[in-house]
Amino acid sequence: MGIINSSNIKVLKNNKDLNEYIKKSREAIMKKEYSKAKLLLKEALFLDSSNAEIENLLGVIEELLNNKKLAQNYYRAALAFDSTYIPAENNLKRISLDNSGIYKIDLG
């Protein structure tokens, strides 16, 4: 993995395609390229600053980096933007309650 900077995502920036940013960030998360995923999601926030899916994915990254409190904040933000967004609800329940019965991180 090389250095991640804004020039690495120039093509996506030109397309202004929110869904592409989200798709690419999911792929980066699956490859454990968390810095790249964060950068993509921050760029996506410029296109839609109140998107539950983006906030959930930022929470997933923080949870995987063992930043549980920050992850909870992102999951709560996702639910504030869309109270019906099930992945954020599942993730918040799982991270908050040891006996939630939900064991897998939900990427949405």
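For the axes I use lines fitted to C-alpha atoms, over the stretch in contact for helices, with angles running from 0 to 180 degrees between N-to-C directions. Helices are DSSP runs (H or I, at least four residues), numbered from the N terminus.

Housekeeping: this is a predicted model, where local features need pLDDT of at least 70, side-chain atom pairs count only at pLDDT 80 or more, and totals for chains, interfaces and linings use all residues. Residues are numbered from 1 along each chain as its sequence is written, and side-chain values use heavy atoms, with hydrogens and water left out.

I started with α4 and α6: their axes come within 10 Å and cross at roughly 30 degrees. That makes α4 and α6 roughly parallel (angles under 35 degrees; over 145 is roughly antiparallel, 65 to 115 roughly perpendicular, the rest oblique). Contact means heavy atoms within 4.5 Å. By that rule, Asn56, Val60 and Glu63 of α4 meet Pro87, Ala88, Asn91, Arg94 and Ile95 of α6. I sorted the residues of this contact into four nonpolar, two polar and two charged. Here Ala, Val, Leu, Ile, Met, Phe, Trp, Tyr, Cys and Pro are nonpolar, Asp, Glu, Lys and Arg charged, and the others, Gly among them, polar.

Next I checked α5 (residues 68–81) against α6 (residues 86–96): the axes come within 9 Å and cross at roughly 150 degrees. So α5 and α6 are roughly antiparallel. On the α5 side I listed Lys68, Ala71, Gln72, Tyr75, Arg76, Ala78 and Leu79; on the α6 side, Ala88, Glu89, Asn91, Leu92, Arg94, Ile95 and Ser96. This contact has seven nonpolar, three polar and four charged residues.

Key:
Helices (H or I, at least four residues) and strands (E, at least two) are DSSP runs, numbered from the N terminus.
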